[in-house]
Amino acid sequence: MKRDVGKWGPMKRTCGKTLAIAAICLNFLAVHSLAQTAGQTAAQSGGELRFCLRSEPKTFDPLKVEDEASAAVRYLTGGTLLRVNRQTQELEPELAMSWKVSKDGRQISFRLRSGILFSDGTPFSADDVAYTVQQLMDPALHSATGDAFRSGTGNVETKVVSPTQISITFPAPVAGLDRLFDQVAILPQHSSKKELAVLGPFMLGDYKPGATVFLKRKPNYWKTDEQGRRLPYLDSIRLDIQPNRDVEMLRFKRGELDVINSLDSEYFDKLAASSPQMAHDAGPSLDSEQLWFNQVASAPIPAYKKNWFRSANFRRAISEAINREDLSRVVFHGHAQPAAGPFSPANKFWFNSKLKPQAYSPDAALQALQGDGFRLENGTLKDKDGNEVVFSIVTNAGSKTRERMAVLIQDDLQKIGIHVNVVTLDFPSLIERMTQTFDYEGIILGLTNVDLDPNGEMNVWLSSAENHQWNPQQKVPETAWEAEVDRLMRAQASSTDPRKRKEAFDRVQEIVVEQQPFIFLINKNALSAVSTTVRGAAPVILSPQTYWNAERLTVTPK
Amino acid sequence: MNLWRKLACAVLAIVLCAAAAANWLAPAGYARQYREATSAPPSRAHWLGTDELGRDRFARVLYGTRISLLLAPAAALLSTLMAALIGGLAGYLGGIWARMAMAVTDLFLSLPWLFLLITARALMPLNVSPLFSVMVTFLLLGLLGWTTAARVLCTTAGSLRSADFVRQARAAGVRGQRLFWIHVMPNLKPVLYAQFWISIPVFILSEANLGILGLGVAEPMPSWGSLLKELEGLVSVSEEPWKLVPLILLVVVVMSFQLLLTRQDEVAA
Amino acid sequence: MLKAKIAGHALALVATVLLGGVLSATLVRLAPGFDVDEQDLDPHLSAESAQALRAARRQDHNILRFYFSYMNRAAHGDLGTSLALGRPVRTLLRDRAPLTLRLLALGLGLAWAAALALALSAAWLRLSVYDAVSTLVSGTLLCLPAAVLALLSVLWNVPGSLAIALIVFPRIYRYARNLLAKSYSLPYIVTARAKGLGEGRILFWHVVPGVAPQLLAVAGVSVSMAVGAAIPVETLCGLAGVGQLAWQAALARDLPLLVNITILVTLVTLLANSGADVIGHMVRGQES
């Protein structure tokens with residue numbers, strides 16, 4: 001049928017224009033909507049992220065997590081009330097919209113989001129939070145997550161005010177209470193699936209023991225992005241269990257892996273040379289490596305050696321004789337900094353900025369030792385009783401960096417006449433010597449700092465504690481400085497004023513640097529590898545360095 | 001002595017002499033660290049480059065030869081003799097002796113000796129000299145490495161019991177020890193030589209692997225095993241082929257041992 | 001009479017396997033590091049938690065009590081629970097054994113095929129150059145660390161069974177080559193050659209049957225060699241087999257898992273070697 005547009009005249013032309021404009025608008029809307037859907041589909045076809053776990057996850061129960069592999073699965077699947085933003089290091093709301101900590105540090109109240117479901121469809125409410133806390137504080141649980149909240153004897157009370165409001169009261173003040181909830185993944189009270197029903201962005205899809213942990217997107221995850229698109233973008237995450245770093249690197253280079261969360265410095269340089277955009281150095285991490293001497297009175301080592309190790313002057317001299325710059329440069333290829341004290345400068349709030357790394361000075365070291373009666377005879381250092389200064393340094397086999405550090409230190413100390421025997425042992429044997437038989441002289445190990453708050457290290461600094469490595473479980477502090485450190489640590493633990501806590505812990509750091517029970521060597525940099533197919537990655541120093549924002553990552557096909 | 005055997009002797013002699021003369025041949029001590037030149041490529045100053053701690057690799061190969069080339073064959077000899085005594089004798093005696101010996105051998109093959117080695121390390125003081133530590137390691141390897149050959153020797157000796165020449169010797173009045181050592185043992189040589197030849201590189205490599213338990217050679221002393229462990233960083237070997245020199249040297253030495261052990265008439269057409 | 005003999009052998013086998021279990025349990029228990037866990041280094045655990053976890057681990061202290069209770073449970077099909085992985089040992093072994101068996105079967109098959117092909121052809125041809133080249137190849141493989149061969153298999157994307165074959169092949173080849181070479185100097189072979197018999201006939205009709213019992217003995221021990229090679233290969237290639245499990249168990253001093261794996265390995269070793277002995281006797285019987 002022919003259309004005779006001309007018969008309609010000006011009104012028809014106006015109508016026609018309007019229709020055309022409307023058609024154009026409709027088209028635009030259709031295209032936009034299509035684009036949005038396509039964009040949404042594209043965003044939710046964010047691909048699969050693949051990386052390696054260094055060991056088998058020991059548990060999928062988020063309350064019992066002890067090892068790194070289980071912690072990785074918990075981070076990706078667990079929904080927490082609050083989350084420490086790994087980039088800004090600030091605490092942010094998650095399942096809780098807001099929270100309030102009481103002045104005395106004993107009570108915390110949460111206002112929760114509504115309309116959230118577990119992965120099996122069970123609705124989330126304050127009852128689940130109460131249930132989780134009760135499980136966590138069960139004395140029979142014995143887990144690091146729960147123990148972090150144990151500040152005193154007595155029961156923890158949970159009060160469910162409404163489905164979206166809950167307050168939790170502890171028997172004693174808990175320092176840094178709110179930040180501890182970053183580690184607490186909420187369990188469902190009523191679901192039959194127990195810990196497999198999760199609130200995080202991903203859920204367990206498949207688990208092949210010894211081979212792979214496969215996580216798939218949780219379809220009803222509550223979070224959306226700024227454009228209203230439901231997160232996560234990724235379809236799935238595949239975690240291959242691979243302890244060997246050479247194989248991990250091979251697979252990354254072949255494109256079978258998308259990220260390496262913690263990269264060794266020797267691989268970093270090779271990757272940076274061939275594909276600089278894939279190698280990331282986020283700067284000094286919280287991790288440190290240290291050497292310490294056995295100060296246990298009952299240790300089965302010769303008495304004259306105990307006298308050396310218990311002398312702060314001796315320890316300071318050893319510290320001065322170690323070339324930390326060389327450790328950073330030779331062992332870590334420049335991707336580490338000499339350590340100033342127990343905390344890394346990356347821990348911006350808690351690090352005592354007055355502290356500086358010990359300068360390398362073998363002459364000063366020798367002088368200090370001579371002040372204690374040591375003397376150099378034919379290139380060998382002897383103590384005041386004529387005993388040659390010979391001792392062993394033990395470290396765990398399998399850690400190339402620690403073995404190399406031990407050999408460099410051996411060479412450094414040889415220059416001042418001290419003969420060091422380097423012994424590498426398998427980890428269980430080393431732990432036995434360190435914690436039960438005390439049959440060792442020197443040990444090099446590292447501290448991997450998961451949390452920023454020094455309260456997490458109470459058991460290291462308290463002289464009565466088990467992890468006071470150089471001389472654990474003292475009935476009464478054996479030295480005045482350890483008594484002072486005990487007092488300061490207890491003071492900061494019972495205070496809720498950040499300034500007062502910082503003051504106390506600054507003083508602890510100064511005492512530790514003065515007395516050198518741990519000779520802090522270096523702070524490693526946070527090195528990682530991220531394939532160019534991964535979008536949205538922003539590697540940071542806090543763990544997990546590369547996938548801390550997994551819900552916003554996408555992997556584009558090559 | 002044929003040409004190949006002469007060549008093998010010459011090679012082994014050169015290697016041994018070079019190791020003995022390490023103090024003069026090596027540009028520096030094996031422990032000296034050139035910290036400004038770590039992982040350096042070969043140069044006039046460092047013929048095989050330096051390792052990750054700046055130590056001259058050529059010096060470490062030379063000094064490492066002393067340890068590995070002396071102790072590994074000694075441990076291999078020990079394991080071979082033990083295999084001969086246990087397997088050979090059991091097979092020769094036959095009956096309940098053979099069955100018992102083989103049951104013990106099978107048990108030996110199956111047990112997790114890792115834990116014995118860990119215990120051995122625990123019993124040693126922490127401050128032992130690297131040389132003592134490596135000697136104990138090779139001794140343990142020798143004491144544990146006889147089982148494979150023992151099984152084969154038992155079968156071989158068992159089949160020799162009914163061989164014509166043994167029957168003839170017995171008929172001629174030869175008995176007991178004399179019969180075993182003079183008539184049976186020489187015919188076990190193929191298996192004994194195989195055991196000895198295989199054990200040398202296996203023990204050299206095992207010594208390095210035992211470093212994970214605190215055994216083996218202690219830093220800074222080098223051994224071929226510890227030098228060969230560098231090959232596990234496959235990613236770097238393709239770019240640093242000089243790291244293959246210890247492997248080539250070991251292959252050459254192992255081939256030389258094989259040439260010494262092989263009789264020409266067993267091979268030539 | 002025959003039944004009594006078989007029953008005797010079976011009893012001896014069972015007794016050896018059980019003894020293997022007791023000895024391995026003793027070795028693990030007495031080795032340092034038995035009573036510890038990495039959790040002991042976690043500063044977040046309170047003193048009470050640390051002590052409670054240690055007390056739970058101490059249940060396996062008395063080795064005889066552990067073993068009797070293990071035997072009691074094993075008789076009802078319960079092989080215990082892995083301390084490191086927290087899963088029933090029976091499930092772990094059942095899930096992983098097929099992969100390891102496939103790996104070992106393929107690896108051994110390839111190793112024997114290559115070793116016999118090379119050894120037989122070297123014996124037939126009896127050329128110095130051929131012998132030298134095959135010795136060079138086997139010697140080089142012997143000098144490569146097992147970890148390097150496993151890593152190469154990852155690099156070249158080839159199956160782990162090939163890595164096992166490359167580890168086991170040089171050992172089998174050397175034994176086979178030496179046994180065959182020795183056989184050629186025996187009087188009856190010299191006679192056969194003098195009488196004008198062809199090389200092929202001499203090799204396959206006279207030499208090989210003569211060394212068959214010894215080759216079978218090598219076959220029996222090659223199973224143990226392959227089992228030993230499976231540990232680094234599975235661990236590095238990321239294969240979830242019994243070898244990888246054994247390594248994890250050793251590092252963690254996982255007593256229930258280690259005892260079960262030792263019993264399994266002892267059983268496999270005894271069966272392989274006993275089988276080789278029986279067939280060897282039959283062959284020797286046929287020969288004479």
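Me: How many helices and how many strands does chain B have?
Reply: In the predicted model, the pattern of chain B along the sequence reads α-α-α-α-α-α-α-α-α-α-α-α-α. The count for chain B is accordingly given as 13 helices and 0 strands.

Me: Which share of the residues of chain B counts as buried?
Reply: The C-alpha atoms of chain B occupy a box of roughly 75 × 50 × 30 Å along the principal axes. Among contacts in chain B between residues at least 6 apart in sequence, 70% link residues at least 24 apart. Of the 269 residues in chain B, the share that counts as buried is 50%.

Me: How many helices and strands make up the secondary structure of chain C?
Reply: Chain C, read along its sequence, gives the pattern α-α-α-α-α-α-α-α-α-α-α. Its C-alpha atoms fill a box of roughly 85 × 55 × 30 Å, taken along the principal axes. The secondary structure of chain C amounts to 11 helices and 0 strands.

Me: What percentage of the residues of chain C counts as buried?
Reply: In chain C, 76% of the contacts with a separation of 6 or more are between residues 24 or more positions apart. Chain C has 288 residues, and the percentage of them that counts as buried is 52%.

Me: How do the residues of the side of chain C that touches chain B divide into nonpolar, polar and charged?
Reply: The contact draws 56 residues from chain C and 46 residues from chain B. On the side of chain C, the elements that each supply at least two residues are α1 (2-30), α5 (128-143), α6 (146-155), α7 (160-183), α9 (199-237) and α11 (255-287). The residues on this side of chain C divide into 31 nonpolar, 19 polar and 6 charged.

Me: How do the residues of the side of chain A that touches chain B divide into nonpolar, polar and charged?
Reply: Here 25 residues of chain A are in contact with 21 residues of chain B. Two or more residues come from each of α6 (245-253), α10 (324-331), β16 (390-396), α12 (400-414) and β17 (419-425) of chain A. The residues on this side of chain A divide into 12 nonpolar, 6 polar and 7 charged.

Me: Is C:Val207 buried or exposed?
Reply: C:Val207 belongs to helix α9 of chain C. Leaving aside residues up to four places away in sequence, C:Val207 touches C:Ala123, C:Leu180, C:Ser183, C:Tyr184, C:Ile189 and C:Ile202. Because C:Val207 has 25 C-beta neighbours inside 10 Å, the residue counts as buried.

Me: What separates the C-alpha atoms of C:Val207 and C:Ala150?
Reply: C:Val207 lies in helix α9 of chain C. Along the chain, C:Val207 and C:Ala150 are 57 residues apart, and their C-alpha atoms are separated by 35 Å.

Me: Which residues in α10(C) are met by residues in α4(C)?
Reply: The residues of the contact of α4(C) with α10(C) divide into 5 nonpolar, 2 polar and 1 charged. From α4(C) come C:Leu92, C:Leu93, C:Arg96, C:Ala97 and C:Thr100. The residues they meet in α10(C) are C:Val242, C:Gly243 and C:Leu245.

Me: What is omega for the peptide bond from A:Leu231 to A:Pro232?
Reply: A:Pro232 lies in the loop between β9 (212-217) and β10 (236-241) of chain A. The peptide bond from A:Leu231 to A:Pro232 is cis, with omega near -5°.

Me: Where is A:Pro544 found?
Reply: A:Ser543 and A:Pro544 are joined by a cis peptide bond with omega about 0°. A:Pro544 is found in the loop between β20 (534-535) and β21 (554-555) of chain A.

Me: Is A:His142 buried or exposed?
Reply: A:His142 is placed in the loop between α3 (126-136) and α4 (144-147) of chain A. Phi of A:His142 is near 55°, a positive value in a residue other than glycine. Because A:His142 has 20 C-beta neighbours inside 10 Å, the residue counts as buried.

Methods. Residues numbered from 1 in each chain as written. Chains lettered and ligands numbered in written order. Predicted model: local features only at pLDDT ≥ 70, side-chain atom pairs only at ≥ 80, totals over all residues. Helix = DSSP H or I, 4+ residues; strand = E, 2+ residues; numbered from the N terminus. Buried ≥ 20, exposed ≤ 12 C-beta atoms within 10 Å, placed from the backbone. Contact = placed C-beta atoms within 7 Å. Nonpolar A, V, L, I, M, F, W, Y, C, P; charged D, E, K, R; others polar.
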